[in-house]
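The sequence and model come first.

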Amino acid sequence: DWFMDVISGEVSNDKIPNFVPKMLFDLWDERDKRSSAQDIEAAAQHQGETGRDISENEDVRVFAQVLEEEWDTIDINRDGFLDEEELKVLLSRACRLEPSTQVVRELLNRMAPGNDVVTKSEFRLYLTTLTSHLSKDNVEQELERSPTGMLQGVADAAGALAATLTKPMFSKSPQQNENSDDESGASSAASSDDDDGPQRKPSGKLQLLQRRTPGFCGQVNMLKDRAAILWWRQNEERAIFLAAIALGGLILATQDWILDTPKWDAMAFVNTHTCIGLLCSIFSLNCFGRDQPIFWRERNRGLNVLAFYLSGEALNTIDLGFQCFLFCSIYYELRRVQVGFFMYMVPYAMVVWACSGWGYMISAWVPIAHGPFVVSLVVFVVCGLLGNPMNLSTMLDNPIVHECVSTISITRWSIPMSFLYQLEVTDPIYPKDSILGTQLDYFEFALTKGHWEKYFGYWWAGILALFLYGLVLRILTYLGLLFRNRDKQV
């Protein structure tokens with residue numbers, strides 16, 4: 001978790017004061033180029049010192065000669081054999097740690113199956129067949145009974161032993177190492193085929209050594225725990241947004257109170273719906289816009305994108321619900337709205353659902369640096385302009401424009417829900433020739449236009465349309481997370 005904080009920039013970088021996560025790609029490329037140049041330089045220097053690269057067979061002969069010269073040092077009692085105690089002393093020198101008796105016995109059994117001592121030839125044969133992993137085991141049938149930790153201990157002990165005994169030998173160039181590994185691997189495979197028949201897949205305890213990527217459910221469980229930790233760390237940022245939400249509700253309520261705006265006024269609903277939609281969409285940008293380099297790397301290593309999406313949105317939805325409740329409760333109490341609170345809050349909740357979808361989708365498809373500007377522009381258009389009752393009546397008269405506005409605009413559906421429900425509960429009455437009466441008739445005429453309301457009613461038509469609206473945006477978000485920025489994953 002701390003390592004993730006370092007990569008994401010939460011922990012300051014002493015070497016790079018102005019570090020930002022996107023700098024990692026250039027730093028990784030620079031490191032790879034530097035490492036390649038150093039490898040080439042080291043190979044050229046080695047070629048000049050040694051004259052030529054030795055072959056695999058020559059390398060084995062040199063190793064055998066070194067082992068021949070060092071055998072007297074290894075064979076402490078000069079009896080020509082290594083017993084368990086002598087091998088344990090040798091492993092202690094090589095590993096600089098005292099190995100367990102179980103590891104020593106297992107390694108001894110691999111070198112000389114069925115014997116309590118190992119001869120010089122058996123010792124040499126075992127180590128000269130050791131490449132990048134353990135040599136061919138003569139006791140493969142016993143591996144399934146061996147504990148996983150002991151297997152790792154044998155591998156570490158054998159590797160350290162070979163490294164210690166080969167210190168007197170000179171190194172080979174990177175290219176020679178690669179060729180040697182290929183030749184050794186082919187030789188080992190051929191030997192295995194001759195002795196044991198076809199390669200068998202690891203079974204039993206050996207399977208525990210293999211890394212298995214969890215499935216969808218397993219990743220959801222892990223990712224939701226990680227998302228909960230990250231969510232708790234964002235309390236300071238969350239407090240800033242809650243303060244902005246509360247301030248927005250306070251200012252709009254105070255403005256309508258000073259101007260004595262009727263509680264059913266459709267333009268007041270335009271202001272409140274646009275305000276809550278804009279703030280929640282900007283807040284939603286951080287759900288998938290934060291720590292994108294880490295997400296790209298995890299996606300390239302088997303991360304289930306759907307599990308990542310669900311775990312991220314689940315906790316963000318909690319924040320959005322609380323923000324919607326806070327805004328509505330402040331405005332509702334200050335304006336003394338005369339309808340049930342939870343029914344009053346439903347249209348606002350649908351606006352938050354739809355506008356948060358815009359925040360998710362833009363964070364998945366647009367560079368995060370441009371996210372706030374783009375989402376502000378989009379929400380201003382789909383909420384503040386296209387759903388404005390002063391223009392809605394004219395736009396809905398044209399069949400083509402009617403379908404476009406009904407598809408794109410959010411407040412085209414949410415404002416009729418709030419306005420018509422307010423009229424249904426309070427039933428305000430004004431003289432026909434009064435200004436308020438004229439406004440009321442005009443808003444009612446404009447907001448009841450459209451054929452969808454005739455089939456489902458203004459309330460359920462709005463809920464269905466906004467639910468589908470937000471659902472489509474979330475599907476587009478998932479596709480953006482799945483396919484966008486694949487050239488940046490490492």
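## Aromatic cluster and pairs

One aromatic cluster is formed by F325, F327, Y332, F341, F342, Y344 and Y348. The model is predicted: local features need pLDDT of at least 70, side-chain atom pairs count only at pLDDT 80 or more, and totals for chains, interfaces and linings use all residues. Residues are numbered from 1 along each chain as its sequence is written, and side-chain values use heavy atoms, leaving out hydrogens and water.

Across the whole structure, 19 aromatic pairs are found; Phe, Tyr and Trp rings (for Trp, the six-membered ring) pair if their centres lie within 6.5 Å, and planes under 30 degrees apart count as stacked, over 60 as edge-to-face and the rest as tilted. The F288 and Y360 rings have centres 5.5 Å apart and planes at 65°, so this pair is edge-to-face. F288 is in helix α11 (residues 266-289) and Y360 in helix α14 (residues 341-365), 72 residues apart, so the pair links distant parts of the chain. Helices here are DSSP runs (H or I, at least four residues), numbered from the N terminus. F288 and Y360 are both buried, meaning under 20% relative accessible area (1.4 Å probe, protein chains only).

## Charges over rings

R238 lies over the face of W231, 4.2 Å from the ring centre, and R474 over the face of W353, at 3.7 Å. The criterion is CZ of Arg within 6 Å of the ring centre and within 35 degrees of the ring normal.

Definitions and conventions
Helices (H or I, at least four residues) and strands (E, at least two) are DSSP runs, numbered from the N terminus. Buried means under 20% relative accessible area, exposed over 50%, partly exposed in between (1.4 Å probe, protein chains only).
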